[in-house]
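I opened the notebook to record what I look up in this structure. I take the ligand and then the nonpolar cores.

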Amino acid sequence: MSLANAYAAQDAGTPLAPFQLERRAVGPHDVQIEILYCGVCHSDIHQARSEWGPAIYPLVPGHEIVGKITAVGDHVKNFTVGDLAGVGCFVDSCRTCDNCKAGLEQYCDEGMTSTYNDHERDGKTPTYGGYSTQIVVDEQYTLHISDKLPLHAVAPLLCAGITTYSPLRYVKAGKGHKVAVLGLGGLGHMAVKFAVAFGAEVTMLSSSPSKAADAEKLGAHHFILTSDQEAMKQAAGTFDFILNTVSAPHDYNIYLNLLRTNGTMIVVGVPPEASQVPAFNLIGKRRSIIGSLIGGIAETQEMLDFCAGHNIVSEVEVIDMSYINEAYSRMEKSDVKYRFVIDLASLKQ
Ligand code: NAP
Ligand code: ZN
Ligand code: ZN
């Protein structure tokens with residue numbers, strides 16, 4: 001056992017505050033990682049506030065973890081002390097079901113073990129996330145991180161990166177496709193970068209007029225302000241894919257109308273309230289809605305390698321741990337450009 005400094009939510013209504021936790025002893029297949037940076041995902045807010053149902057408290061959020069290996073178990077094959085390493089949204093799964101065997105651990109039939117707000121496979125040891133100084137994880141659920149990219153800007157790839165990379169690959173988005181990204185936040189800005197890198201014609205759909213110039217800098221070819229009725233009318237029936245990253249309750253139908261025949265809305269944003277979709281809005285043009293959850297370990301490694309090869313990182317604002325509650329309220333106002341990343345050195349003092 002070893003101690004780690006952390007920040008935790010003690011219940012749904014109070015701000016995050018300092019907390020100390022114990023990490024398990026390094027087992028034969030485990031690596032211990034000194035956490036250097038951790039991204040702040042909107043899922044952290046949803047869960048800290050029990051917006052997706054009752055959370056397990058104390059809750060230490062954080063699933064965009066990068067750092068350095070400080071210890072390895074006797075049977076660890078792929079990591080050595082000093083290596084850079086990453087941990088994403090889950091730290092274990094059953095390892096035997098068809099999904100696990102197919103590298104789709106996020107869809108494990110018995111449920112993945114989330115990095116936080118969950119229990120280990122024993123069903124009783126709580127998991128704690130990356131708003132902490134160190135973590136112990138099985139090497140099979142640990143990612144290799146290139147030293148070619150700035151580490152703080154790599155952290156968000158572990159969730160925002162894979163969550164947008166995976167569905168765009170799944171639908172084979174690329175040259176000849178018109179892809180719209182709905183919502184320019186952490187996920188949205190990575191979606192723009194990937195869709196552009198894959199060769200698609202990319203339109204940013206945003207509710208924030210101030211983000212138009214940034215969308216262009218990120219590589220988007222077009223920008224539509226979703227409150228601009230005329231522009232929305234003109235865009236009707238034009239997109240092959242809409243990647244919906246919006247975190248707040250909203251009406252899907254407004255955006256489904258922008259899909260062409262056979263077009264697909266890919267839902268990755270998880271608002272606390274559902275949107276009703278009348279059948280007519282799908283059957284009229286054989287439109288579909290699909291969902292996608294993060295990505296498996298192998299695909300996450302593929303995405304990280306793709307980013308290292310194509311010089312793709314997240315646009316980040318690095319913060320101290322003590323700024324976290326302010327960061328949350330800014331994210332709730334869509335005021336993040338485009339991912340907060342915690343420098344864990346601020347928690348070590
Ligand atoms: P974020 O950085 O806070 O960005 C969300 C964006 O949604 C905002 O920047 C804003 O973009 C837009 N938005 C917010 N409120 C809105 C409203 N009322 N109406 C219209 N647009 C609004 O959040 P994130 O970290 O990217 O996460 C986005 C969502 O994805 C969250 O629900 C999160 O839980 C979920 N998520 C899912 C997965 C998965 O595996 N499926 C993984 C990670 C996160 P504009 O200013 O451009 O409108
Ligand atoms: Zn996330
Ligand atoms: Zn499984």
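How far is an oxygen atom of ligand 1 from an N or O atom in the side chain of S207? I read 2.6 Å for this pair. I keep in mind that the model is predicted.

Entry, ligand 1. I looked up the residues around ligand 1 and found 30. Those that come nearest are H42, S206, S207, S208 and R339. For H42, I noted a polar side-chain atom 2.7 Å from an oxygen atom of the ligand. For V268, I noted a polar backbone atom, which lies 2.9 Å from a nitrogen atom of ligand 1. I then looked up the area of ligand 1: taken alone, the ligand exposes 920 Å², and the protein buries 90% of that.

Entry, largest nonpolar core. I looked up the largest nonpolar core, which has 95 residues. Y131, F194 and I324 touch the most other members. I asked which helix gives this core its largest share, and found helix α5, residues 186–197, with 6 residues. I also checked the domains: the core draws at least three residues from domain 1 (2–159 + 295–348) and at least three from domain 2 (161–291).

Entry, I324. I listed the contacts of I324, leaving aside its neighbours within four places in sequence. The list holds Y7, L16, V40, Y131, I319 and I342.

Key. Residues numbered from 1 in each chain as written. Chains lettered and ligands numbered in written order. Predicted model: local features only at pLDDT ≥ 70, side-chain atom pairs only at ≥ 80, totals over all residues. Heavy atoms only, no water. Core = buried A, V, L, I, M, F, W, Y, C linked by side-chain atoms within 4.5 Å. Buried < 20%, exposed > 50% of the residue type's maximum accessible area, 1.4 Å probe, protein only. Helix = DSSP H or I, 4+ residues; strand = E, 2+ residues; numbered from the N terminus. Domains from an automatic or database assignment. Contact = heavy atoms within 4.5 Å. Near = heavy atom within 4 Å. Polar contact = N/O pair within 3.5 Å; in protein donor to acceptor, adjacent residues only side chain to side chain. Areas by Shrake-Rupley, 256 points an atom, 1.4 Å probe, with all protein chains shown as cover.
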